[in-house]
Amino acid sequence: MAIRQLSETLINQIAAGEVIERPASAAKELIENALDAGATRIEIATSGGGKALLRVSDNGSGMDAADLELAIRRHCTSKISGSLEDIRTLGFRGEALPSIGSVARLSIASRKRDSAGGHEIAVAGGKILHIRPAAANPGTIVEVRDLFFATPARLKFLKAEKAEAGAITEIVKRMAIAFPAVRFVLSGSDRTTLEFPATGDDHLARMAQVLGKDFSDNAIALDAVREEISLTGFAGVPTFNRGNSAHQYAFVNGRPVQDKLILSAIRGAYAETIPSGRYPVAVLSITLDPALVDVNVHPAKSDVRFRDPGLVRGLIVGAIREALARDGSRAATTGAGDMLRAFRPGFQPKADRPQGGWSAETSPSRPYQPPASFGERPQAAFDGLSMPTARAEPQLSPQRAAPEPAARYPLGAARAQIHANYIVAQTEDGLVIVDQHAAHERLVFEAMRKALHSKRLASQVLLIPEIVDIPEEDCDRLMLHATEFAELGLAIERFGPGAIAVRETPAMLGEVDAHGLIRQLADEIAEWDTASGLSAKLEYVAATMACHGSVRSGRRLRPEEMNALLREMEVTPGSGQCNHGRPTYIELKLSDIERLFGRS
């Protein structure tokens, strides 16, 4: 079969298969073009989930007639010259507009700021329909209609209009977080108008617009630098979590990315603090020399490759863990809201309402009559009991000083223990309810983890070494970390070109599947060039031991024990949640309590 040159239209349609996967992909490319043009106001309108109409308007620098004609040709761009080593713009490939024009009906109207008039170009199915003068404001309006009309097979793979509209909304949210100085408006016949006013340099205010006010109340600021890489942003406290990872946003040099290394680092940073099946909320911005990251991995530009992935992962994990240790022990503010909603009385069930109309005997406005159970006969059974009280202060001897006031402590002073599991403490401006088992479980685990990392762990020598056959390149990677493994109690040696001999295993792990462990470590090192798998296993064992060695639910504590537990929680990192990610305490402000009683 003879080799022949493909037509320009077919080449563009092939490229569109990678660049324009769905309407949201087209929206992303057009918004990136607007941002690269210096726009401070971007308006997006959609219809039919973006399949029938997608319009992006901006007040950027605009284009003249010559620029418009080049803009719809492949690999024509103003954003790079001759090198991919210094990419500082969102777009650079010169493929988006020709790809869209090859599979849809595309029109672009634009006017430069210093020009007296504008121009318009129209393309349908890869063919130019016209280039002509047009009335236009400074900036650019790109309108995409009937997406994929030229490639009907692609339409079968699109989701419902609502799902496609939701994907465009997510793209706009990510762009809005990345560029807080830009005003975004998203509207259309298939959605409710969504507007994000510009917040200037106040990134947290923009995040509150997108993620809700709760995020700003439960976020911890991040600001870390390692070598030539800096990390800024905000991480939510562990108890402020979600059911999926959609609330994790990552940006590299201002570019929104969905990189598996970054997502894995976030997951690793919150290990042992988030319940299984729950995900933390985080917004991370990584800034580094463009030469140290490759953004030309995929035409969609959502994946990146770092020159030193281990350095980036270590920076993310270290910064988040340091922030959580510093300020992550507080409970999420949403916990108090849930408590308030639980306290609010609901409507009286229909079955309990009086039947047969109004009567003086059943009216809720009738004079109060004490219930029969308050009479002398029923109360006689309680004569032998002492008067109940919430006071729980220990009897102090003259030699012992009086306890310091609750205002001195963030978690206050213990006042009572209820249901033999929950400690009620009074703070300066409210009260705190502590789950004693969950709290002590965390304290024990942190103590064990500290001991785990402060010295070489004990190991057990195998009577007969385990020989694990793995590829030679995996053997090379494992032997590079042999010293680290030895510190964790795992002694390995090279056993020929394609095998590893396991001579000692960590005593804490008991009986170990050496073959599975070695292969898992080899896979992890191959992917991330780290060796945290063994540490994670040991910490899991420590967490399990802590759970079984903690103060159990149902055990009554003396006042001094309760206060000692509170004081230790205040100085222990991560004490706001147990090893399984559940909150260890909930704080209720005095203003919330007063609101329950109608005082405010």
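**Entry 1: Phe-148**

A residue counts as buried when its relative accessible area is under 20%. I note at the outset that the model I examined is predicted. I looked up Phe-148 and found a relative accessibility of 0%, so Phe-148 counts as buried. I then located Phe-148 in the loop between β6 (139-145) and α5 (152-155). I recorded a positive phi of about 70 degrees for Phe-148, although this residue is not a glycine. I wrote down the background to this entry: most residues other than glycine have a negative phi.

**Entry 2: Asn-253**

Asn-253 has a phi of about 55 degrees and is not a glycine. I asked where Asn-253 is placed. Asn-253 lies in the loop between β12 (248-252) and β13 (255-257). Is Asn-253 buried or partly exposed? I found a relative accessible area of 33%, so Asn-253 is partly exposed.

**Entry 3: helices α2 and α6**

I next considered how two helices pack. In general, such a pair is described by the angle between the two axes and the distance between them. For α2 (residues 23-36) and α6 (residues 161-178), I noted that the axes come within 8 Å and cross at roughly 25 degrees. Angles under 35 degrees count as roughly parallel, and α2 and α6 are therefore roughly parallel to each other. I also recorded that α2 passes α6 in a right-handed crossing. On the side of α2, the residues that make the contact include Ala-24, Ala-27, Ile-31 and Leu-35. On the side of α6, they include Ala-167, Ile-168, Ile-171 and Met-175.

**Entry 4: Ala-265**

I placed Ala-265 in helix α9 (residues 260-269). The relative accessibility of Ala-265 is 0%, so Ala-265 counts as buried. Leaving aside neighbours within four places in sequence, I found Ala-265 in contact with Arg-313, Ile-316 and Val-317. I also looked up Ala-265 and Ile-320, which are 55 residues apart in sequence, and their C-alpha atoms are 9.4 Å apart in space.

**Entry 5: helix α18**

I checked the length of helix α18 (residues 559-570). At 1.5 Å a residue, the 12 residues of α18 should span 16 Å. The end C-alpha atoms of α18 are 17 Å apart, which agrees. Which residues of α18 are buried? I listed Pro-559, Met-562, Leu-565, Leu-566, Arg-567 and Met-569 as buried in α18.

Notes
Residues are numbered from 1 along each chain as its sequence is written. This is a predicted model: local features need pLDDT of at least 70, side-chain atom pairs count only at pLDDT 80 or more; totals for chains, interfaces and linings use all residues. Side-chain values use heavy atoms; hydrogens and water are left out. Helices (H or I, at least four residues) and strands (E, at least two) are DSSP runs, numbered from the N terminus. Buried means under 20% relative accessible area, exposed over 50%, partly exposed in between (1.4 Å probe, protein chains only). The expected span of a helix is 1.5 Å times one less than its number of residues. Axes are lines fitted to C-alpha atoms, for helices over the stretch in contact, and angles run from 0 to 180 degrees between N-to-C directions. Angles under 35 degrees count as roughly parallel, over 145 as roughly antiparallel, 65 to 115 as roughly perpendicular and the rest as oblique. A crossing is left-handed if the near helix is turned anticlockwise from the far one by less than a right angle, and right-handed if clockwise. Contact means heavy atoms within 4.5 Å.
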